[in-house]
Amino acid sequence: MQQFDLPEYEFGFFDTGKPFYSTPKGLTEKTILDISAMKKEPLWMRERRLLAYKLFLAKSMPEWGGDLSRIKFEDIYYYVKPTDKQGRTWDDVPAEIKNTFDKIGIPEAEKKFLAGVGAQYDSEVVYHSISKMLEKKGVIFTDTDTALQKYPEMFQQYFGTVIPAGDNKFAALNSAVWSGGSFIYIPKGVRVDLPLQAYFRINARNMGQFERTLIIADEGSYVHYVEGCTAPIFTTDSLHSAVVEIIVKKNARVRYTTIQNWSKNVYNLVTKRMFVEEDGIGEWVDANLGSQITMKYPSIYLKGKRARGEILSLAFAGNGQHQDAGGKAIHMAPETSSSIISKSISKNGGRTSYRGLLKVHKGAIGSKSNVRCDALILDEESRSDTYPTMLIDEEEVTVGHEASVSKIGEEQLFYFQSRGIPQAQAETMIVNGFVEPIVKELPMEYAVELNRLVQLEMTGSVG
Amino acid sequence: MKNVTVIIEKNEERILPFFFADGENCELSVEVRLVGEGARVDIVGIFVGSNDNRMLFNTSVVHLAPRTVSKTTLRGVLRDTSSFSNDGIISIQKGAKGADGFFSSKLLLFDNAKGKSIPSLEIEENDLKAGHASTIGRPDPYQLFYLKSRGLSDEEARRLIVTGFFIPSIELFPVEERKSVKKRLSL
Amino acid sequence: MLVVKNLYASVENTEILHGFNITIKPGEIHAVMGPNGSGKTSLAMSLMGHPGYVIDPLQKPVFELGGVDMSHLPSEERAKAGLFVSFQNPVEVTGVSFLAFLRTAAKALRPDEKIPLSLFKEEVKRALYAVSLDESFMHRFLNEGFSGGERKRAEIVQLILLRPRIAILDEIDSGLDVDSLKLVAAAIAKNVQRNQTGILLITHYQRIMHFLKPTHVHILIDGKIKKSGGMELVRKVEKDGYAAI
């Protein structure tokens, strides 16, 4: 098989903007007190942070998945605040930051979608525009820090209820030092028809990114949230450890789409979970390219009768990368259903792992689940693993899991070549075809971007 | 836990049949190493659990040589509060070109039985075929309904479905053992 | 013009073709008939450069298309030189639409011809229509879920759009009902007439030859052409079988 050099990370640039304020490197109680004070947070949040810090210290590193031994917690900046003010309109955003966003294409996104842009620069959201349409409907779409100040009651009611600080070491870390992220509340019966989107970006050397997202979809509401990530190259390791909590109430539906393309030295360790109540629908669409190690298993807890969950997971691992991704579906109520589809591709020594959990609690009578994992291995140096776990405590269920691992078929390649299509292009087309079931679920511009990223990974150029 | 390791040499073909029923508990871990080119193994397991039987059956098939083939077929019917747990690994090591590994497990649960299945694939070679399929569930209610609509009692219908469930895997047993397996399953 | 001489080809170390020779001029239709296992598919696959088929270089083979030596070219370069093979069992490729595939192939074969997508779609529609396939086929995944007959017709759609100089059609007639066969034969004939395509028609059956009159007929037995002639050979096989040749 032909070899291609992976290109230098295309979005690998960082501007000269100096952060206005940052805590010193490393993590102590003092760091947390400083963060909390800087943000003028209520006491309860400060206490929650301190408690989470203790849990972080007490928890051990995960023993499965990628090799995390090279993360040096003492070398990370836990809080960087780039500007003092929230940008309300595009004109208010400092030119340097704008320049950075231009390269990622945020203005394009805004042109296309009136629904509002929440983009994270360093640890804090600096630019946020909320369209009148959303305000009129009573939708809250703001950065999480602002939400804590403006909607303290709702915030306290839901924060940490889906993913408690003690859930795992990195959830504890996030709970201790979180900054930024999106806060969304969709009132009863409100449908937001355009996807809400946010772009995240790590842009300071040794900077950790610990955003915290909380989405509450009230009864009968609908929202599709899209996050697209690109990040510049660093010379030292970088950590991204986010927490996303979503509550899908009765009859509501939330879809959360991620296209993640961190630069190849980032540790991407994210905890994402949804609670879905009666007749609700929760969906994760999660595409993982980039990063050095990703460990991410979006979860759906089906808590109410007939709740439904769907997870579409896509992973692409190139040289030196390990994508340990998957999904979890926990059936806790009768007649709940879930589906997990995972597609992974490994190339140039990359490693993909599917790690999944399917659990059916006693009493979740008539539940159904279907898990399908397909892996493509493109060359001799690469590897792929599948670790699905099924725990079934209820007999009145139907659950199935299927997995396959293969290389690109010789016959497929030959067929393309016999029609004049060179091997590299044929491989790209076949790989894009392989990921099509997931790409077709993305908004158009993201679908195009994802196909482009696959092409970039496959051939080293876009054209 | 009892551990068994089986080594399969060049061009050797082995069937490894396992049968646990009649209230036997089972705690077994089987490792098969396909070390020679063209080696093939068929692991067939039939498990019938009742009362509070605990059944633990792990399989690990390691493909170390080119064109090795493995097929693991596990079928379990669990009643009462019995439980079955399987950790099934197919590992295809570097150099095992053209290897073909497949794992399939199906569990039928009745009453308060529990099932656990972790079928893993660890693949370090790109010229291969590997897959697994696991299902856990109860008998299809439409099947039951269909049989009962033809006058079968619930018990008879269940038995017929269980028979149909096991028959294909019994065919994978060595010929000389099929009869006794059928007898013990009272088929 | 296609010139093939001294073609010895093997698959999995077994020699299947033992010195095959043929010359096809533009606009000629050559039929190669032969019993099962005579090497018909090996002929198509080894000429197209399937990685599983090896042409023996020691036999000093000649394999030229338009005066260009093809034997060392990768498959896509052979395609660019104007060679086309229709597959007996074309593979399914999930996620890749028939249209995207055709468009990519057409661009690869004729990079200078900049046809806008909208016009290309019209071409595809006409080609689909020519073999009585619904235009929705362009949005289906490549060969996925196509019936046997639909696959054969989809291969002809490719023949129409890619406009090769030499087309090797491997059992294009099997699995087609009479109506489809007529359409397929008409499409091939039109291609010959318009583009002076040379055809190598590999087949078991005489039926297609009643619609598509070959200029030359060859009987392939044990990897070699046993006899060449015209339609009278077809009638002989029809009457007495291959054993009589």
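1. Let's start at a packing spot: the buried residues of H9(A) pack against H10 of chain A together with helix H2 (75-80) of chain C. "Buried" here is a count, namely 20 or more other C-beta atoms within 10 Å of the residue's own, while exposed is 12 or fewer and partly exposed lies in between, with C-beta atoms placed from the backbone. Helices (H or I, at least four residues) and strands (E, at least two) are DSSP runs, numbered from the N terminus. H9(A) is mostly covered, with 6 of its 8 residues buried. Those are A:Gln412, A:Leu413, A:Phe414, A:Tyr415, A:Phe416 and A:Gln417.

2. A word on what you are looking at: this is a predicted model, where local features need pLDDT of at least 70 and side-chain atom pairs count only at pLDDT 80 or more, while totals for chains, interfaces and linings use all residues. Residues are numbered from 1 along each chain as its sequence is written, and chains are lettered from A and ligands numbered from 1 in the order in which they are written. For the complex, the predictor gives an ipTM of 0.88 and a pTM of 0.80.

3. Back to where chains A and C meet. The contact takes 19 residues from chain A and 22 residues from chain C. On the side of chain A that touches chain C, helix H9 (410-417) and helix H10 (423-434) of chain A each supply at least two residues. That side of chain A divides into 7 nonpolar, 8 polar and 4 charged residues. For the classes, Ala, Val, Leu, Ile, Met, Phe, Trp, Tyr, Cys and Pro count as nonpolar, Asp, Glu, Lys and Arg as charged, and the others, Gly among them, as polar. Two residues are in contact if their C-beta atoms, placed from the backbone, lie within 7 Å.

4. Now the confidence scores, as pLDDT (the predictor's confidence in each residue, from 0 to 100). Chain A averages a pLDDT of 81, and 79% of its residues score at least 70. Among the elements of chain A, helix H4 (residues 106-112) has the lowest mean pLDDT (39) and strand E16 (residues 299-302) the highest (98). Over residues 1-16 of chain A pLDDT stays under 50, and the model has 32 contacts beyond four places in sequence for them. Residues 83-88 of chain A also stay under 50, with 14 such contacts. Chain C averages 93, and 100% of its residues score at least 70.

5. As for the folds, chain A comes to 12 helices and 23 strands. Of its 463 residues, 58% are buried. Among contacts in chain A between residues at least 6 apart in sequence, 83% join residues at least 24 apart.

6. Chain C has 8 helices and 11 strands, and 44% of its 245 residues are buried. Its C-alpha trace spans about 50 × 40 × 30 Å along the principal axes. A compact globule with 245 residues would have a radius of gyration near 18 Å, and chain C agrees at 18 Å. That radius is taken over C-alpha atoms, and the globule rule is 2.2 Å times the number of residues to the power 0.38.

7. Inside, a nonpolar core is a set of buried Ala, Val, Leu, Ile, Met, Phe, Trp, Tyr and Cys residues joined through C-beta atoms within 7 Å. Of the 235 residues in the largest one, A:Val177 and C:Ile168 touch the most other members. Not counting residues up to four places away in sequence, C:Ile168 touches C:Ala44, C:Leu47, C:Phe84, C:Val85, C:Leu200 and C:Ile202.

8. C:Ala44 and C:Leu47 are also among the buried residues of H1(C). Helix H1 (residues 40-48) of chain C is mostly covered, with 9 of its 9 residues buried. Just after H1(C), C:Gly49 takes a positive phi of about 90 degrees.

9. C:Val124 is found in helix H4 (residues 117-130) of chain C. C:Val124 counts as buried because it has 21 C-beta neighbours inside 10 Å.

10. Two aspartates are worth a look. A:Asp279 has a positive phi of about 60 degrees although it is not a glycine; its place is in the loop between strand E13 (266-276) and strand E14 (281-290) of chain A. C:Asp222 has a positive phi near 50 degrees, in the loop between strand E10 (216-221) and strand E11 (224-229) of chain C.
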